[in-house]
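User: I would like to learn how to read a model like this one. Please take me through it feature by feature.

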Amino acid sequence: MRIVILGAGFGGLELSTLLSEEFGDDLDVVLIDKGEGFVFGFSKLDVMFGYTDAAHVLHRFDDVVKPGVRFVRAEVTAIDPVAKVVSTDAGTFEADFLVVALGADLHPQDTPGLLEGGYEFYTVPGAFELRDVLDQFEGGRVLVGVTSTPFKCPPAPSETTLLVNDFLQARGLRERSEVSLVMPLPVPIPPSPQASEAILAAFEQRGINWHPGKLVRALDPDRKVAVLSDGDELPYDLFLGVPVHRAPAVVVASGLTEDGWIPVDPLTLQTKFAGVYAVGDVTSVGTPKAGVFAEGQATVVAAAIIATLRNSTTDHTYDGHGICYMEFGGHEIAKIDVTFLSGARPAGSLEGPDANLAADKSAFGTERIQRWFGKAWTGIDA
Ligand SMILES: Cc1cc2nc3c(=O)[nH]c(=O)nc-3n(C[C@H](O)[C@H](O)[C@H](O)COP(=O)(O)OP(=O)(O)OC[C@H]3O[C@@H](n4cnc5c(N)ncnc54)[C@H](O)[C@@H]3O)c2cc1C
């Protein structure tokens with residue numbers, strides 16, 4: 001019996017770990033990814049703002065050594081969801097169960113002027129490059145902007161804006177700078193009014209300009225202005241963008257997607273093809289695109305596969321629950337707890353912001369790296 005998992009991000013790593021824990025060498029799990037390793041989304045910001053370095057936050061896939069799991073470093077070039085056959089540049093894999101966890105691809109080149117006149121902080125190389133750019137920045141108008149929806153980790157642009165503010169303050173550049181955020185959402189975190197209020201209060205306190213309900217459509221590098229979705233223009237000296245997100249082209253070509261993403265049963269994560277599941281950012285399941293949700297979805301798929309292989313049943317369905325840690329600057333962290341139940345209004349609560357929550361955030365990373373890669377890791381405290 002072979003389980004083929006495409007993508008070793010939050011979803012794929014959790015799923016392969018759960019299957020290995022359950023079956024060990026009795027199951028043939030093939031985990032395929034084209035990358036050299038895994039980087040937490042929040043680690044991108046840690047490197048960008050100089051809290052740690054790039055080597056420390058890269059978790060190499062060579063370290064995924066688990067009973068029953070074979071990691072294959074390869075690019076997926078075709079997926080046949082009917083036959084459950086996957087083509088890669090390292091050969092073809094036939095599956096009894098196929099799980100697509102390939103995430104969202106990022107396309108900064110799709111926003112006119114973004115690459116010529118600004119920077120993006122969502123890809124690993126983009127965020128890492130910004131470390132030197134910020135280091136050399138002498139102050140001015142910093143504009144953080146989202147260029148399209150949907151986008152990963154909806155709190156991340158607000159978090160980045162607060163960290164930019166902190167960074168400028170620490171360098172004595174805040175007085176001669178302006179910090180602004182353009183976001184498509186009406187409030188920073190719509191499912192959590194409490195968190196949104198805390199973020200908006202923090203913006204006001206720090207003199208950060210907040211432009212809700214708009215997107216950045218283009219940059220004009222010659223005039224140094226960002227053109228917004230309502231036609232307004234905002235001047236900038238340093239633009240930090242969230243690029244266009246799309247399902248990987250190989251997923252779209254497979255016929256798995258509708259309206260750009262893979263539709264799944266929101267309770268079971270099954271696609272319309274028998275024996276084929278999809279989890280995480282590549283789906284349109286209804287939760288935000290964030291690692292904690294991809295991970296929660298992986299636990300449901302693991303339970304379904306385990307039940308089938310054990311000739312039993314499971315009542316483990318997806319509950320849309322996730323916890324997110326958000327930096328407010330000044331080493332203060334907020335913990336946002338949100339649940340997106342199918343058909344109900346999402347509900348969220350807030351703890352902090354508080355310096356004591358730094359330990360919780362650090363444990364979140366440490367526990368996952370221990371489980372997924374079998375190694376000790378201490379986040380940015382190293
Ligand atoms: C700045 C920032 C901060 C964030 N902070 C948080 C946070 O605090 N908490 C949180 O929960 N989430 C956070 N996120 C979001 C989180 O990183 C993603 O939502 C999460 O990684 C999605 O998991 P996934 O398993 O769906 O996909 P991914 O983790 O993106 O994994 C997909 C994998 O598929 C591989 N792949 C893609 N195409 C191919 C192909 N053709 N062939 C082979 N392999 C392929 C990729 O290499 C990748 O490893 C943040 C994101 C950003 C950008």
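Analyst: Start with the ligand. This is a predicted model. Domain 1 (2-104 + 247-309) and domain 2 (106-246) both give residues to the shell around the ligand, so the ligand lies between them.

User: Which residues come nearest to the ligand?

Analyst: The ligand has 35 residues around it, and G7, G9, G41, G103 and G280 come nearest. By class, the shell has 19 nonpolar, 9 polar and 7 charged residues.

User: Which elements each supply at least two residues of that shell?

Analyst: α1 (10-23), β2 (28-33), α2 (41-48), α9 (291-309) and β21 (321-329) do. The largest share, 4 residues, comes from α2.

User: How do I read the domain contact?

Analyst: One general idea is area. The size of an interface is often given as the accessible area lost when the parts come together. Here, take residue contacts instead. 16 residues of domain 1 are in contact with 21 residues of domain 2. On the side of domain 1 that touches domain 2, α2 gives the largest share, 5 residues. That side of domain 1 has 10 nonpolar, 3 polar and 3 charged residues. The centres of the two domains, taken over C-alpha atoms, are 29 Å apart.

User: And the nonpolar core?

Analyst: In soluble globular proteins, nonpolar side chains tend to be buried together. In this model the largest nonpolar core has 112 residues. α9 gives the most to this core, with 7 residues. The core draws at least three residues from each of domain 1 and domain 2.

User: Which residues have the most contacts inside the core?

Analyst: V99 and V100. Leaving out residues up to four places away in sequence, V99 touches I3, I5, L6, L15, Y277, V279 and V301.

User: What should I look for in the backbone?

Analyst: Most residues other than glycine have a negative phi, and most peptide bonds are trans. Now look for departures. T149 and P150 are joined by a cis peptide bond, with omega about -5°. P150 sits in the loop between β12 (141-146) and α6 (156-170). Another cis bond joins G352 and P353, with omega about 5°. P353 is in strand β23 (residues 347-354).

User: Where does C153 lie, and is C153 buried or exposed?

Analyst: C153 lies in the loop between β12 and α6. Its phi is positive, near 45°. C153 counts as buried because it has 20 C-beta neighbours inside 10 Å.

User: Is H331 buried or exposed?

Analyst: H331 is exposed, with 12 other C-beta atoms within 10 Å. H331 has a positive phi too, near 65°. Its place is in the loop between β21 and β22 (332-339).

Conventions
Residues are numbered from 1 along each chain as its sequence is written. This is a predicted model: local features need pLDDT of at least 70, side-chain atom pairs count only at pLDDT 80 or more; totals for chains, interfaces and linings use all residues. A residue is near a molecule or strand if its C-beta atom, placed from the backbone, lies within 6 Å of it. Ala, Val, Leu, Ile, Met, Phe, Trp, Tyr, Cys and Pro count as nonpolar, Asp, Glu, Lys and Arg as charged, and the others, Gly among them, as polar. Domain bounds come from an automatic or database domain assignment. Two residues are in contact if their C-beta atoms, placed from the backbone, lie within 7 Å. A nonpolar core is a set of buried Ala, Val, Leu, Ile, Met, Phe, Trp, Tyr and Cys residues joined through C-beta atoms within 7 Å.
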